[in-house]
Amino acid sequence: MNDLTETHSVAWENDEVRVDVLFSAAGVATNIAIVSKFSGKILLADVGDGTLRDLLSQGSLDFVSELNLIVITHGHFDHMGGLYSLLGFLRMLKRSIPLDILIPKGCKEASSTIRIFKDSYCDTLPFQIRVQEMGHDSEFHTDFFHVHSLEVEHFGSENATGEDLLMPALGYRVSIGESVIAFTGDSRMCPVLEEIVTGADLALIEATGSTSVEAGLKVHLTEDEAKQLGSLARNYLLIHRIPEIES
Ligand SMILES: [Zn+2]
């Protein structure tokens, strides 16, 4: 049997931060946990399908209280499809501290999912959900994570005509102490990607396109483009690969 988790999960750490790519595969889910090793606080970078399952697979319920911030790159289902379940679990386990969620400005998928959840449980939600819309050059700080967002170029086909249009999409740089973790979200090659990854201790870079023939894709980076970007960071991991499914 093809175990996708085996080939689509990876971890990295330094003295200050641990990065668990819980799972990342194009069209399935991207779920990344960035953990401050000093405080134990967790930032989730994208919350695709199975985020809750992946967190529980780590064998601890600490995330119920230690989850400090959720950061969403864009509204495609494989990047935020697990949000509703995660919020439901936090409610069930009676999380009491507020939760901040950063979403791209105009990201209807994320804002409406959160609104429906809040509307459904308005009388019985034990914690506050605070949504912050982020744009180009926005910043957001908690006591543990400093987040800087930059607009990337990712085409979606969510409009009625089927024509591809740029969608609200962000890449992020996250500072934890002296360490910087960068993630591109989904993006075609564009100059701002260099700004996102340059000098980062770890850059998580989408590499959905497999061959150089696909260079110049409107929607994603190729592996070659992603590696080229990665060389600007101290370390990098290629994520969001297309899963190989035996037919
Ligand atoms: Zn996407």
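Buried means under 20% relative accessible area, exposed over 50%, and partly exposed in between, with a 1.4 Å probe and protein chains only. What you have open is a predicted model, where local features need pLDDT of at least 70, side-chain atom pairs count only at pLDDT 80 or more, and totals for chains, interfaces and linings use all residues. Residues are numbered from 1 along each chain as its sequence is written, and side-chain values use heavy atoms, with hydrogens and water left out.

**Stop 1: the zinc ion**

Select the zinc ion and its protein donors: His74 (NE2), His76 (ND1), His154 (NE2) and Asp186 (OD), 2.2 to 2.4 Å away. Donors here are N, O and S atoms within 2.8 Å of the metal (3.2 Å for Na, K and Ca); water is not among the atoms, so sites may look incomplete. Along the sequence, the donor residues follow the spacing H-x1-H-x77-H-x31-D. His76 sits in the loop between strand S5 (67–71) and helix H4 (77–80), and Asp186 in the loop between strand S13 (179–183) and helix H7 (192–197), so this pair ties together parts 110 residues apart in sequence. Helices (H or I, at least four residues) and strands (E, at least two) are DSSP runs, numbered from the N terminus. Are His76 and Asp186 buried or exposed? Both are buried.

**Stop 2: helix H6**

Now select residues 108–120, the 13 residues of helix H6. Color Ala110, Thr113, Ile114 and Phe117, the buried residues of H6. They cover an arc of only 95° around the axis (taken from the directions from the helix axis to the C-beta atoms), which puts them on the same side of H6. Turn to the face away from the buried side and you will find the exposed residues Lys108 and Asp119. The cover over the buried residues includes H4, helix H5 (83–92), strand S6 (99–104) and strand S7 (129–134).

**Stop 3: the cores**

A nonpolar core is a set of buried Ala, Val, Leu, Ile, Met, Phe, Trp, Tyr and Cys residues joined through side-chain atoms within 4.5 Å. The largest has 28 residues, and Leu44, Phe63, Ile70, Ile72 and Ile101 have the most contacts inside it. H5 gives the most to this core, with five residues. Center on Ile101: its contacts (heavy atoms within 4.5 Å) include Ile70, Leu87, Ile114 and Val131. A second, separate core of 25 residues includes Val21, Leu69, Val71 and Leu170.

**Stop 4: Glu66**

Finish at Glu66 in helix H3, partly exposed with a relative accessible area of 21%. Among the residues Glu66 touches are Ser39 and Lys41.

Notes
The expected span of a helix is 1.5 Å times one less than its number of residues. Lists of a residue's contacts leave out its neighbours within four places in sequence.
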